[in-house]
Amino acid sequence: MDDLYRDYILEHYRRPHNFGVLEHPTASHEGANPLCGDRITLQLRLDGERVVGVGFTGRGCAISQASASV
(Lines give C-alpha, C1' and ligand atoms only; values in the text may rest on other atoms or scores of the structure.)
Protein backbone atom coordinates (compact mmCIF):
# COMPACT_ATOMS: atom_id res chain seq x y z
CA MET A 1 0.00 0.00 0.00
CA ASP A 2 2.88 2.39 0.74
CA ASP A 3 4.10 2.02 -2.84
CA LEU A 4 0.68 3.00 -4.16
CA TYR A 5 0.66 6.24 -2.17
CA ARG A 6 4.28 6.96 -3.06
CA ASP A 7 3.57 6.45 -6.78
CA TYR A 8 0.45 8.64 -6.57
CA ILE A 9 2.39 11.48 -4.92
CA LEU A 10 5.26 11.22 -7.40
CA GLU A 11 2.85 11.21 -10.34
CA HIS A 12 1.24 14.47 -9.18
CA TYR A 13 4.66 15.96 -8.46
CA ARG A 14 6.03 15.09 -11.91
CA ARG A 15 2.85 15.94 -13.84
CA PRO A 16 0.84 18.35 -11.70
CA HIS A 17 -2.81 18.92 -12.54
CA ASN A 18 -3.98 22.52 -12.96
CA PHE A 19 -0.46 23.95 -12.65
CA GLY A 20 -0.22 27.48 -13.97
CA VAL A 21 -1.66 30.94 -13.61
CA LEU A 22 -5.43 31.09 -13.98
CA GLU A 23 -6.81 33.84 -16.20
CA HIS A 24 -9.25 36.15 -14.42
CA PRO A 25 -9.36 34.40 -11.01
CA THR A 26 -12.18 35.27 -8.66
CA ALA A 27 -10.16 34.32 -5.57
CA SER A 28 -6.46 33.88 -4.89
CA HIS A 29 -4.45 32.92 -1.83
CA GLU A 30 -0.72 32.69 -1.30
CA GLY A 31 0.84 30.56 1.39
CA ALA A 32 4.38 29.83 2.50
CA ASN A 33 6.08 27.59 5.01
CA PRO A 34 8.98 29.59 6.48
CA LEU A 35 10.54 26.46 7.99
CA CYS A 36 11.17 24.69 4.67
CA GLY A 37 10.64 27.38 2.04
CA ASP A 38 7.61 25.87 0.27
CA ARG A 39 5.45 28.51 -1.48
CA ILE A 40 2.08 27.96 -3.15
CA THR A 41 -0.40 30.34 -4.77
CA LEU A 42 -3.89 28.91 -5.34
CA GLN A 43 -6.40 30.55 -7.66
CA LEU A 44 -10.11 29.90 -8.23
CA ARG A 45 -12.58 31.17 -10.78
CA LEU A 46 -16.18 31.01 -9.60
CA ASP A 47 -19.48 31.24 -11.45
CA GLY A 48 -21.89 31.99 -8.64
CA GLU A 49 -21.21 29.26 -6.11
CA ARG A 50 -19.72 26.84 -8.67
CA VAL A 51 -15.98 26.42 -9.20
CA VAL A 52 -15.29 26.68 -12.95
CA GLY A 53 -11.50 27.02 -12.88
CA VAL A 54 -8.60 26.23 -10.60
CA GLY A 55 -4.87 26.77 -10.86
CA PHE A 56 -1.76 26.86 -8.73
CA THR A 57 1.85 27.89 -8.93
CA GLY A 58 4.68 27.47 -6.49
CA ARG A 59 7.85 25.73 -5.48
CA GLY A 60 8.54 23.19 -2.84
CA CYS A 61 8.95 19.56 -1.97
CA ALA A 62 7.11 16.72 -3.67
CA ILE A 63 4.51 16.54 -0.90
CA SER A 64 3.54 20.23 -1.08
CA GLN A 65 3.37 20.26 -4.89
CA ALA A 66 1.44 16.99 -5.08
CA SER A 67 -0.98 18.24 -2.42
CA ALA A 68 -1.72 21.35 -4.46
CA SER A 69 -2.16 19.23 -7.58
CA VAL A 70 -4.62 16.89 -5.89
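Predicted model: local features only at pLDDT ≥ 70, side-chain atom pairs only at ≥ 80, totals over all residues.
**Overall picture**

- The C-alpha trace of the protein spans about 40 × 30 × 15 Å along its principal axes.
- The protein has 70 residues, and buried residues make up 19% of them.
- The accessible surface of the protein is about 5,400 Å², and carbon and sulfur atoms hold 54% of that surface.
- Take the contacts in the protein with a separation of 6 or more: 38% of them come from residues 24 or more positions apart.

- The three strands form an open sheet in the order 1-2-3, with antiparallel pairing.
- Strand 1 (27–32) and strand 3 (50–59) each have a single partner strand and stand at the edges, so one side of each is left without a neighbour in the sheet.
- From one strand to the next, the twist averages 15°.

**Strand 1 with strand 2**

- Strand 1 and strand 2 run antiparallel and are joined by six bridges.
- Alanine 32 has arginine 39 in strand 2 as its bridge partner.
- The hairpin of these strands has six residues between them, and glycine 37 takes a positive phi near 90° there.

**Strand 2 with strand 3**

- Strand 2 covers residues 39–47 and pairs with strand 3 in the antiparallel sense, over nine bridges.
- Leucine 46 stands opposite valine 51, a residue of strand 3.
- In this hairpin, two residues lie between the strands, and glycine 48 takes a positive phi near 70°.

**A closer look at threonine 41**

- Threonine 41 sits in strand 2, and its bridge partner in strand 3 is threonine 57.
- Is threonine 41 buried or exposed? Its relative accessible area is 19%, and buried means under 20%, so threonine 41 counts as buried.
- Leaving out residues up to four places away in sequence, threonine 41 touches Ser28, His29, Glu30, Gly55, Phe56 and Thr57.

**Helix 2 and its cover**

- Which residues of helix 2 (residues 62–69) are buried? They are Ser64, Gln65, Ala66 and Ser69.
- What covers these buried residues of helix 2 includes helix 1 (2–14), together with strand 2 and strand 3.

Definitions and conventions. Residues numbered from 1 in each chain as written. Heavy atoms only, no water. Pairing = 2+ DSSP bridges. Helix = DSSP H or I, 4+ residues; strand = E, 2+ residues; numbered from the N terminus. Axes fitted to C-alpha atoms, helices over the stretch in contact; angles between N-to-C directions. Buried < 20%, exposed > 50% of the residue type's maximum accessible area, 1.4 Å probe, protein only. Contact = heavy atoms within 4.5 Å. Areas by Shrake-Rupley, 256 points an atom, 1.4 Å probe, with all protein chains shown as cover.
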